[in-house]
Amino acid sequence: MTLLLLFNITNGLIVGAFYVLMALGLSLILNLSNVINFAHGGFLVIGGYIAYAISPYVGFWGALLLAPPLTAVIGLVVERVLIRPLYGRDPLYSLLLTFGLAFMIEDLTRFIFGPQGKPFAIPAFLAQPLSNELFFITGYRLFMVAMVFVAIALLFVLLRYTRLGIRIRAGTLDLETVAALGINVRLLRSLNFAVGIFLAGLSGVLAAGQLGLEPTMGTGLLMPSFIAIIVGGIGSLPGTLVGGLLIGVASGVTAVFFPAASEAVIYVLMAVILLTRPRGLFGEEGMMG
Amino acid sequence: MTAASSRKLIVLAAIWVVLLLAPYWMAPLGGYTALATRVLVLGLAAMSVNFLLGFTGVLSFGHAAWFGLGAYGAGLTLKYLALSTPLAVIAGMLLGGLCGAILGTLLVRRRGVYFAMVTIAFGQVFYYIAFQWSSLTGGDDGLRGFARQPLDFGLFKLDILSDANIFYYFVLVCFALVVGTMGFILRSPFGRTMIAIRENERRARFLGIPVERHIWIAFTLSCFFMGFAGALYALVNNFADPRGLHYSQSGDFVMMAVMGGMRSFWGPLLGAAVFVVLQDYLSSITVNWMSFVGLLFILVVLFFPRGLLGFFQRSKA
């Protein structure tokens, strides 16, 4: 029993780490631009399918390296053409637009690659279980977690030490002042969007290796990312990190005792948080609410 | 009577004439009565969303949950409790409205994007319940095995089950009741307060208006309307579907409201008509209709953000 519990906690942490990767990208875009990017799951799908399309030529490692930046470039174009005109308008409009965009991405993926799932080959040494007795966790899952940690570390370095990152953080707090200081806010938003989409693309490649590829794979992963953000507190990236891990573990542990509720429990968690601490775990009152 | 108010009356009369005669002009135009019934029900849902969105300025992106709960409430009542159409509609409305009222207490302090996100997430709870609780709801296959019942008035019976036209008029009467209630509320001091909150929440607060309580009441009312529309929808299809609770359905409702014109009372009905007919048409000619619906979302947001009615009003001015 203890072993099973331990296994599910570990598993939950792994799944949670994955939610974190999605949610951080969403959170970045939400914090700076006030845009709920409904198409985030769509960009995950794009990242996955780009990796699938280029992996015959560049291999798994090449795909892992190239697919996220390519996805980010697509994100940059989308931001320029579709989302930029909506800044300063009611957030309702960007929500609806990305909502429609998510429809289109899903349907076009189905149109191009077919509705059937596609396998995505991962290197053989990663596909093996680490130990047959203790945990049936494959090397790939640990690799996923490692990649998530690398991505988070890089994001931290970017936000903490680079000029771009410092401006992003300042813009999150007070975009008007940042603009008044002569910083190109449009460019800042574009780059920030691209960073968020880069993370979605990376999630797509990693998810493809674990679950295979399907045109609808983004939709199911979007909602837990939303909840990770709400639980952690809107406006706080560390909050998103903790929120993602927390809901991963919560649903992992629930799977042991009451499997049917493993999906519902994250909503219960969210309700409890909203009741006891409406701003979320790390959110600041009055910032977004 | 001023020119503006008499023009308003003429428009109002025209809308009702069009609705009353729908079964007669739909068919020659290539439509069918059931399509008109669906437009009416989905239009009612879009108007309920807009009651909150357009007149209180609060964006709920999870309203499909109350719609779907209304549908399940009506379906389950007909299947297990009582073979009565009015009871089913009332049960559906109560289920959607009461669940909305309870969750509303958790939501009212949130604003803007935060409110939207929390409503999406909570809406999904009901989707999962409908999806997982197969023994009661039929799970992914939806709830089947019930049908709307003829209305028995003692002296005479109305066969709304097999006669599409009579059913249309039944739905139209229900529609008129709810829309009348909505209009009455919006014209009351409470409705004016809702609009004041939309225009300037801070000022409304300074005037001593309990903003949270007003938003909660508006939210709850809109959930009841939504549950009512959902119950009617279950009667239209004799079927309730978990996808009716999904957030993508909420997106459709918001889209109908925006496409028709959020700031106008009748806009969402127009939006629903365009949306339903277009979707019906697109899905009959192409399997990739989702792309076209997505494209429609993008085009409306970029080029017609004030909706069809807003667009016409501006070009007239």
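In this predicted model, helices α5 (residues 139-161) and α6 (residues 163-173) of chain A pack at about 80°, their axes 5 Å apart; axes are lines fitted to C-alpha atoms over the stretch in contact, with angles running from 0 to 180 degrees between N-to-C directions. So α5(A) sits roughly perpendicular to α6(A), a label covering 65 to 115 degrees. Helices here are DSSP runs of H or I with at least four residues, strands are E runs of at least two, and both are numbered from the N terminus. On the α5(A) side the contact uses Leu158(A), Leu159(A), Arg160(A) and Tyr161(A), and α6(A) answers with Leu164(A), Gly165(A), Ile168(A) and Arg169(A). Contact means C-beta atoms, placed from the backbone, within 7 Å.

Between the chains, 36 residues of chain A meet 34 residues of chain B. Helices α6 (112-132), α12 (247-260) and α14 (289-303) of chain B each put in at least two residues on that side, with α6(B) giving the largest share, 12 residues. The chain B side comprises 24 nonpolar, 7 polar and 3 charged residues.

Chain B itself has 15 helices and 2 strands, and its C-alpha atoms fill a box of roughly 55 × 50 × 45 Å along the principal axes.

Residues are numbered from 1 along each chain as written, and chains are lettered from A and ligands numbered from 1 in written order. Local features need pLDDT of at least 70 and side-chain atom pairs 80 or more, while totals for chains, interfaces and linings use all residues.

Note on methods
Contact = placed C-beta atoms within 7 Å. Nonpolar A, V, L, I, M, F, W, Y, C, P; charged D, E, K, R; others polar. Parallel < 35°, antiparallel > 145°, perpendicular 65-115°, else oblique.
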